[in-house]
Amino acid sequence: MKKFISILLAVSVLVSAFAIGAFAEDDVVTFAVASDLHYNDPEEELTATNDHPLFWHANRRAAMDNESGFIIDEFLRQAEEAEYDFILIPGDMTDDGRWDELEHIAVSAKFKAFEEKTGIPVYVVPGNHDYGQGENDNKIEDMISFYGDFGYNEAFEKREGDFSYVTDLPGGNYRLITVDSNDPSKSTEDGMTSDKVNWVVKQAKQAVADGKYPILMMHHNLLDHLPMQRILSRNFIIRNHTAVANKFANAGIKLVFTGHEHCSDVAVHTSPKGNKIYDFANTALSMYPLEYRSFTMTDEEITYEAKAIEQIDTETLRSMTKGYTDEMIDEMNKGLNTFAKGYLKAGVQYRLARSLTMEQMGIAEDSIFYNLVNTAVTGLTDLLEMPLYGENSVQELAKEYNVVIPDSEYENGWDLATDLVSYHYAGGEDFSIYSVEVTILLRMVNLILLDDLSTVNDEVFFGAVNELLGNDSAIFKNFTKGIANVLGPVTPGQYFLIAVASPIVYEFVYDSDGVNDNYGTLEGYGVEADLNENRTDNFADILDTICVYLTNFLTIVLKIFGIGR
């Protein structure tokens, strides 16, 4: 009898252990978030856009359009290998989807084949590139026909007239609330109305009442991912975002997944009631850094990491689109992510340089301002293209104005400026206000003000006098150089303007919110919030930001009086 009882107890222990193990496994949820796929049908042949020796085909958006389909394929292959519970796509599945239904058909076919092969569901919400209300635009009805099988059709709650829906996610106690944040009549602006906000709050509260953890997905950003984003980049973030974030956080939403800004950035906000909400802005999958995020969640913690697309089927790509050189293909095969960074830098330079033309600025040749603006713009672009170091360099020119350009590995101003842009897209910005990069940037701005404005004065206002004096005379430029060498290269007024601008520069080059953009661990939905601690953290974060701003401001202002370094 004792032997029987021992066997029975042993079996019970084994069964209990198996049950606990099975429950623990079910309690772990894994998923991927990939945004702004911007699928394009490949060109028949590469189009030349600029004179870069390798990236002469880089477009103004710096998106790898011809490669986009292959990048999506590789992402889905990695997702299959990782065996995620589900995948989230926060919009812009296509690039020209507002009017090109063939792009939608191609992307939805990829998703369908993936689901059928793996059993892993894909959930989508449209972005501003996907549909609109113009005469030739694809409408919301078309979106439902293209993507209804990816979350919308199975939803138990839907908003009439758009693509917003609610559904329970597999693998745990999580409920997905997707809200269509687009303005269908305006391509980029957000369409987050008060009705939509109240609908999200209602659904989140219902999820909590049902014992579910609410997760929100939309295309437009909820929180700032740029300094003063609502002012500098207002079309990429919803209006009244702080008030809306408070409502969402207090309704129980902790995680929000967005796209649109094409940057890897995590922003956190604590409501006055002490509830935290995290907005994960995601990069464009088809642009550098070619990344998506991978998540693992339990009740206790949320871990995440960025994963990159490092390879695609370049052989098939080359067979579909003519014009790829052996060097291009070799560089892609060495590391697609590195290739994409070079492509992005070339594309950003092409876009900015293209915008710095009289035609793009809309200034006619017979305009009274033509010579003045043309001289200023030409001087600016010449300085950006000039080598930073060596003979006839920016560094040599800067010395004439008593401006010191520190040594670095950058080739010219464009190289530096586009590198800083690439860091914004990739996330993890960690440049201090005293870093070599920021120092060169600010001093080049000062040099441009000194040299470019002097050139404008000499050519436009003192042209006749200089011509009379001859011998390449430049009265105003020589006067400016003399003053700079006697009194210093920066006037008190310029110091003050730089001091005022330093918070914006600081926020662009240094991520100060304390949450890592590309990998980290957060408290899970099941962790009880310590309201006093959250309020303290929020206050400390605000105080820290104010202190940094004041430090930068005072450091620069004190230089006016010759105090400090």
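Is K334 buried or exposed? K334 counts as exposed, at 68% relative accessibility; exposed means over 50%, buried under 20%, and partly exposed in between (1.4 Å probe, protein chains only).

This is a predicted model, in which local features need pLDDT of at least 70, side-chain atom pairs count only at pLDDT 80 or more, and totals for chains, interfaces and linings use all residues. Residues are numbered from 1 along each chain as its sequence is written, and side-chain values use heavy atoms, without hydrogens and water.

**Salt bridges**

The structure holds 20 salt bridges (a side-chain nitrogen of Lys or Arg within 4 Å of a carboxyl oxygen of Asp or Glu). Three of them are listed here.

| Pair | Closest N to O |
|---|---|
| R61 and D95 | 3.3 Å |
| E80 and K117 | 3.4 Å |

D95 is buried, at 10% relative accessible area. E80 sits in helix α2 and K117 in helix α3, so their pair ties together parts 37 residues apart in sequence. Helices (H or I, at least four residues) and strands (E, at least two) are DSSP runs, numbered from the N terminus. E331 and K334 share helix α9, three residues apart, about one turn of the helix. E331 is partly exposed, at 28%. K341, K345, D415 and D419 are linked in a salt-bridge network.

**A buried glutamine**

Q203 is in helix α5 (residues 194-209). Q203 counts as buried, at 6% relative accessibility.
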